[in-house]
Amino acid sequence: MSPVLFPILLSLSLTRFVKAQRYGTLIQEIHPPLSWQKCVALGTCTAQAGKVVIDANWRRYGARTNGDTSYCYDGTWHTEFYHNEEEMNDTCGLDGIPSYSDLGVTTNGNALRLQFVTQGPQSRNVGSRVYLMADDNTYAIFKPLAQEITFDVDMSNLPCGIAADIHFAEMAADGGIAESGGWNTAGAKYGTGYCGAQCPRDGKFINGHINFNYLPPPQPPGLGGFGFCCAEMDLWQANSLSTVMKAHPCAIPGRYKCEEDECGASAPSGIRYDGVCDPDGCDFNPYRMGKTSFYGSGKTVDTTKKLTVVTQFVTSGGTPTGSLVEIRRKYVQNGLTISNSVVNVPNGAAFDSITSNYCSQQKTAFTDEKSFQARGGLGGLAEAFKRGMVLVLSIYDDPDAHMLWLDGPYPPSANPNSPGVTRGICAATTGVPADVEAMYPNSSVTISNIKFGPIGSTI
């Protein structure tokens with residue numbers, strides 16, 4: 001069957017339920033353990049027997065039976081072998097991971113290490129994205145209002161162009177099984193259901209359905225016709241040179257399957273601000289805000305040494321039912337508490353946290369699109385927090401913007417002396433994936449000692 005005809009038959013097949021997105025039976029899935037702590041008061045924390053699972057995109061999707069080793073997807077959807085989506089789902093499944101270490105993912109007690117590039121027995125792997133689990137079939141769910149999350153990170157081995165990313169995303173606890181209408185039976189156990197404020201289009205499946213790329217060339221390989229959107233709170237996007245904290249609300253509750261311009265950041269047209277989510281976020285990057293000596297090697301927060309990051313979600317009245325009014329940050333290093341940098345918005349006030357006023361003044365000063373406010377601002381994000389968030393941990397490079405939005409001049413064509421353009425010390429020529437993958441394959445981040453509880457309870 002011609003791949004051109006497959007989307008037509010696929011769309012017809014969606015009108016009736018036959019088979020679901022399945023998991024394979026060839027390789028058993030065993031999740032690496034990762035202990036973390038749930039706190040109720042300072043000094044009163046309980047260890048949680050957590051685990052991590054790698055995203056479904058890192059898995060073989062192929063024949064489910066022992067006698068057939070063919071792939072249903074190997075960077076290309078082999079739609080020519082199947083009459084419709086039901087037949088593909090009946091034949092194919094997501095496999096377990098033979099060895100997480102082959103993908104650069106290792107755990108030890110309460111520590112998770114993510115290595116940038118690894119060479120497995122059959123293929124080379126770049127980057128990873130894992131989710132914290134409550135048990136083998138369910139993601140751990142966090143409701144951050146009036147709470148704080150604390151973790152230790154070692155950033156010393158992350159150069160320009162490579163980032164560690166720890167964020168909350170409003171994913172479904174079961175990985176999307178219930179919302180799929182029976183199409184997804186793999187679920188959280190196999191790392192399904194990722195969504196974000198960039199409305200990523202690189203997921204192989206959305207709500208259990210194949211995310212086939214029916215779009216004409218020159219669409220990038222690996223991108224499907226649909227994206228999957230949800231609110232996102234970027235706790236820690238960083239390398240050894242720069243760091244940023246971002247809040248991304250969405251105009252829709254829960255998870256949303258988008259197409260065309262409503263995908264915003266991932267829209268095929270490139271029209272960024274017509275989407276359902278805020279793609280830019282309200283960001284707090286000390287370097288971008290003029291505090292160039294605060295974070296980095298040998299600076300106030302010294303990235304040559306392990307550090308503790310604390311993020312607090314302050315509400316009116318101090319209760320989980322109050323309105324989200326402030327997102328605070330502090331650090332602990334060498335036994336000393338380091339307050340977040342106090343930054344001065346050009347022609348505005350001084351701030352040391354994310355507030356509605358900060359976001360408004362910063363967007364105005366930098367002439368940035370006010371998509372944060374248009375998509376609900378802190379109030380919109382708070383509604384997602386009430387519904388619950390999944391903790392996402394990853395390491396990656398950036399084919400699209402070379403990570404310059406984090407650690408260099410962005411956009412690179414802009415005057416680096418203009419307010420808000422320069423976000424770190426990295427040059428505009430850095431961050432090219434082919435370069436960083438060849439030069440720094442052993443780059444890594446170690447994340448440890450994750451704690452979550454009421455403000456003041458974790459440290």
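## Exercises: cavities and salt bridges

A search of the whole structure, a predicted model, finds 3 cavities of 30 Å³ or more.

**Exercise 1.** State how much space lies in the largest cavity and which residues are closest to its centre.

*Solution.* Begin with the volume: the largest cavity holds about 210 Å³ of space. Next, take the lining, which has 21 residues; Thr192, Gly193, Tyr194, Gly203 and Phe205 are the closest to the centre. Finally, sort the lining by class: 6 residues are nonpolar, 11 polar and 4 charged.

**Exercise 2.** Describe the second largest cavity by volume and by the classes of its lining residues.

*Solution.* The volume is about 40 Å³. Among the residues lining the second largest cavity are Leu241, Asn285, Pro286 and Lys291. By class, this lining has 4 nonpolar, 4 polar and 1 charged residues.

**Exercise 3.** Find where the partners Asp136 and Lys51 sit in the chain.

*Solution.* The structure has 12 salt bridges. In one of them, Asp136 pairs with Lys51, with the closest N and O atoms 2.9 Å apart. Asp136 belongs to the loop between strand 10 (128–135) and strand 11 (138–139), while Lys51 lies in strand 2 (residues 44–54); the two are 85 residues apart.

**Exercise 4.** In the salt bridge between Asp280 and Arg272, decide for each partner: buried or partly exposed?

*Solution.* The closest N and O atoms of this pair are 2.9 Å apart. Buried means under 20% relative accessible area. Asp280 has 17%, so Asp280 is buried. Arg272 has 29%, so Arg272 is partly exposed.

Technical notes. Residues are numbered from 1 along each chain as its sequence is written. This is a predicted model: local features need pLDDT of at least 70, side-chain atom pairs count only at pLDDT 80 or more; totals for chains, interfaces and linings use all residues. Side-chain values use heavy atoms; hydrogens and water are left out. On a 1 Å grid over the protein atoms alone, a cavity is a set of points where a 1.4 Å probe fits but cannot get out, and a pocket is an open set with protein on both sides within 12 Å along at least five of seven lines; lining residues have an atom within 4 Å of a point. Grid points are joined across faces, edges and corners, and a volume is the space filled by probe spheres set on the points. Ala, Val, Leu, Ile, Met, Phe, Trp, Tyr, Cys and Pro count as nonpolar, Asp, Glu, Lys and Arg as charged, and the others, Gly among them, as polar. A salt bridge is a side-chain nitrogen of Lys or Arg within 4 Å of a carboxyl oxygen of Asp or Glu. Helices (H or I, at least four residues) and strands (E, at least two) are DSSP runs, numbered from the N terminus. Buried means under 20% relative accessible area, exposed over 50%, partly exposed in between (1.4 Å probe, protein chains only).
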